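User: I'm new to reading protein models. Could you walk me through a few features?

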Amino acid sequence: MKAILFVFPFVLAVAYFPISQCQNLPLIEQTCKQTPYYGLCVTSLKSDPRSKTAGDVQAIALIMVDIIKAKAGGSLQHIEKLKQKYPALRVPLSACKDRFNAIIIGDVPQAVEALTKGDPKFAVDAANDAALEADSCERGFSGKSPITQMNKLNHDISIITASVVKMML
Amino acid sequence: MADSNVSYNPLPDGERPRPTRRRSIVLVLSGLLVVGFLVALLSDNGSIAPTNVIDNDNNNVNDNAQNGLNDVSSSSKDPERLRPFTSASSAGVSEKSNRRFGARTASYPWTNNMLSWQRTAFHFQPQKNWMNDPNGPVFYKGWYHLFYQYNPNGAIWGDIVWGHAVSKDLIHWYHLPLAMVADQWYDIMGVWTGSATILPDGKLMMLYTGSTNESVQVQNLAYPADPSDPLLIKWVKYPGNPVLVPPPGIGAKDFRDPTTAWLTSEGKWRIAIGSRINRTGITFVYDTKDFINYELLRGVLHGVPNTGMWECVDFYPVSTTGEHGLDTSHNGPGVKHVVKASMDDDRHDYYAIGTYHEKNVTWVPDNPEIDVGIGIRYDYGLFYASKTFYDQNKKRRVLWGWIGESDSEIADVKKGWASLQGIPRTVALDTKTGSNLLQWPVEEVDSLRLTSKEFKKIELKPGSVMPLDVGSATQLDIVAEFELDKAALEKTAESNVEFSCSSSEGSAERGALGPFGLLVLADDSLSEQTPVYFYIAKGKDGSLKTYFCTDQSRSSEANDVNKSKYGSFVPVLEGEKFSMRVLVDHSIVEGFAQGGRTTITSRVYPTKAIYGAARVFLFNNATGASVTSSLKAWQMNSAFIRPYPDDDDERHSGTEPTYEVRGSKTKYLGNLLTSSLLFLNARNNFL
């Protein structure tokens with residue numbers, strides 16, 4: 001009996017403390033709850049090891065911007081492959097290539113600079129624009145898009161990023 | 001490790017182990033407790049409904065994506081009022097589909113033709129790249145100076161330095177070299193916004209915010225390297241910078257945009273700097289004798305809860321008796337003070353009128369219900385980071401505002417530039433209402449007027465559209481008046497639905513007494529059009545309330561541009577006609593209602609209604625009233641904004657370089673030639 005009372009708090013401490021720190025869950029959950037796509041927000045962040053040690057919303061935002069960049073890059077590669085596979089969709093696919101390029105050379109650098117140099121509203125703009133570019137890419141197919149899921153993913157993570165940065169304003 | 005989290009499995013022979021009863025209960029309880037803890041920690045909380053903080057306020061320029069994807073649900077309206085706009089071209093096209101992004105069109109391919117048309121003819125913009133806040137506007141030794149946040153490396157925000165231009169008349173600008181770059185540890189991350197103060201002895205002091213190598217916001221002092229150079233080309237940064245760092249308890253990134261200084265009765269200089277404490281926007285006040293050493297005054301000049309960070313604070317006196325401007329240091333009877341701030345949260349500029357108490361360093365708004373951040377905006381469209389200066393040359397206060405883009409960034413990158421400055425405006429107290437300011441384009445704008453066409457007392461029956469033959473319609477100054485017959489105003493039924501430009505169906509929403517106004521940057525078939533209009537609503541008590549709106553929902557067939565509606569209530573006094581002035585300059589449309597009581601700036605990006613294909617129409621989409629309109633429309637000349645000549649002699653003399661308007665062999669033709677060629681090219685497309 002006494003042994004259990006003695007051991008119990010130790011077990012709690014061991015069980016509670018290190019696990020929660022490893023996951024950094026309170027910050028991730030608290031942040032993601034305030035975005036429109038909670039589940040996607042949490043899984044995206046958790047998939048990036050840096051999220052475990054992110055100390056504040058700004059750090060979370062920077063991770064999200066990196067995810068935008070990675071997804072846009074991956075999308076570009078996918079688009080190249082699709083151009084071969086669907087020559088009839090060459091025109092809208094090229095337009096999409098331009099859009100994702102704009103995200104990588106424009107929106108992402110602007111967002112990173114705004115966050116690191118201390119004027120986050122420009123990162124909100126950039127993230128919102130990234131969502132717009134993904135959306136515009138999708139519309140180019142007039143309903144017959146081979147990349148709807150991909151575009152939605154790009155759009156949604158951009159919206160998540162914008163709402164995360166808005167928390168800093 | 002204790003075994004308290006073990007779960008019970010039946011033994012292979014089906015029997016359960018039997019420890020003593022008390023021990024087993026405690027063991028089970030503690031085990032369940034710990035298991036419970038672990039489950040709570042490790043499991044995904046799954047579908048907790050997230051709070052959607054995406055701002056559905058369509059007035060936010062940067063919610064481009066949201067406009068298309070989160071359909072703003074309109075309040076329930078009488079279906080009678082949703083009759084489609086009466087016009088041949090839009091028959092069959094429901095306004096609902098236009099509210100969303102391009103529901104009926106594919107992704108828009110921007111051509112160079114369309115993009116190059118967007119550059120303005122008489123609004124300030126650098127030759128290329130990104131611009132944002134106006135900085136340090138001042139009149140000095142015969143020249144108006146404008147500095148501005150500039151990115152020398154691209155058409156997006158970044159690498160910010162100070163651009164510089166000069167003018168004799170606030171309209172014809174000459175580009176000069178960059179005034180300040182990010183070359184010190186205290187501004188290496190950004191040479192941000194600041195203001196100029198001219199001392200009584202003529203010295204010019206420039207205070208500006210630097211973002212340091214650690215991204216801390218500090219205030220720095222700079223001054224002309226050669227005060228006798230009227231062009232103020234070279235600048236020196238005070239070696240002892242920074243002169244101000246964030247006060248204790250204030251965030252390192254919540255301290256920026258120092259104002260012009262004003263003299264106190266003790267002979268000290270006083271400045272204001274915006275900041276915030278949690279969600280309360282505030283402005284600090286400092287006293288200084290030398291612009292180097294500062295004393296933070298106790299408390300704050302003013303603050304308003306739940307407004308967030310206050311950027312670009314401005315503080316200035318206005319005369320309650322006259323329309324002339326007042327020097328920033330002016331105080332005394334017949335004076336009220338304006339506090340203005342740019343709200344970082346919602347990207348709008350708000351002002352409030354009140355009383356300044358110099359001794360206890362406070363400012364009290366006349367009406368706390370329309371306080372800074374929650375009341376009146378300078379402009380109900382795109383207009384941010386604005387700043388005034390006292391023009392001692394013409395004894396007026398002039399307002400500059402940054403007008404961003406509302407297209408997609410890919411277009412900005414393609415066209416190689418982004419942002420404009422709004423047309424400079426005079427600001428003064430509206431002595432008729434006493435509770436708002438009046439803004440009006442500076443009188444020098446009138447010097448751009450070329451030929452005009454006048455139209456007198458045109459009657460527009462309900463549901464009518466009338467083309468106006470004004471010639472070319474991409475550079476226009478239109479002054480228009482409207483009257484409704486009294487009977488119609490009186491007999492209209494009251495409504496208890498509160499009207500709002502942004503949540504309405506735009507110019508397609510037909511009410512008894514509106515909308516009516518102008519369609520600018522429209523093409524012949526009206527497939528593209530930008531309505532600037534009045535909408536009169538009759539309230540519950542029978543009183544009439546007038547709204548002034550700009551509707552972008554059909555401004556362009558492209559689907560990656562902002563399509564929201566802007567606008568607000570505008571006071572119309574007894575005996576006044578409904579009046580508006582509209583400046584059209586390619587991709588910018590600025591509307592001023594009732595002499596400037598309410599203003600709206602929009603950026604529009606038509607794909608068809610460009611060059612020779614742009615038209616202007618009068619329209620009345622009201623159901624219950626005819627409207628009579630008289631108006632005058634002028635063609636507007638270009639301001640030929642270009643670099644100051646390289647010629648050393650001309651530059652040293654500081655006199656205005658000569659330039660020819662037509663057929664010159666000088667290098668200043670640039671814009672004129674290009675736009676002429678493009679115009680001819682476009683005309684060929686239409687012939």
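Analyst: Let's begin with a hairpin: strands 11 and 12 of chain B have 5 residues between them, and F291(B) in that hairpin takes a positive phi near 65 degrees. Strands here are DSSP runs of E with at least two residues, helices are runs of H or I with at least four, and both are numbered from the N terminus. This is a predicted model, where local features need pLDDT of at least 70, side-chain atom pairs count only at pLDDT 80 or more, and totals for chains, interfaces and linings use all residues. Residues are numbered from 1 along each chain as its sequence is written, chains are lettered from A and ligands numbered from 1 in the order written, and side-chain values use heavy atoms, leaving out hydrogens and water.

User: How do strand 11 and strand 12 of chain B pair?

Analyst: Two strands count as paired if DSSP finds at least two bridges between them. Strand 12 (residues 294–296) of chain B pairs with strand 11 in the antiparallel sense over 3 bridges, and T288(B) stands opposite Y294(B) there.

User: Which way does strand 10 of chain B run beside strand 11 of chain B, and how many bridges join them?

Analyst: Strand 10 (residues 269–277) and strand 11 of chain B run antiparallel, joined by 9 bridges. I277(B) has T280(B) as its bridge partner. Their hairpin has 2 residues between the strands, and N278(B) takes a positive phi near 55 degrees.

User: How much of strand 11 of chain B is buried?

Analyst: "Buried" means under 20% relative accessible area, "exposed" over 50%, and "partly exposed" in between (1.4 Å probe, protein chains only). In strand 11 (residues 280–288) of chain B, 8 of the 9 residues are buried, so the strand is largely enclosed by the rest of the structure.

User: What about salt bridges, how do I read those?

Analyst: Side chains of opposite charge can pair when their charged atoms come close. The rule here asks for a side-chain nitrogen of Lys or Arg within 4 Å of a carboxyl oxygen of Asp or Glu. One case is D183(B) with K237(B), at 2.7 Å from N to O. D183(B) sits in the loop between strands 4 and 5 of chain B and K237(B) in strand 8, so the pair ties together parts 54 residues apart in sequence.

User: Are D183(B) and K237(B) buried or exposed?

Analyst: D183(B) is partly exposed at 44% relative accessible area, while K237(B) counts as buried at 15%.

User: And how many salt bridges are there over all chains?

Analyst: The count comes to 47.
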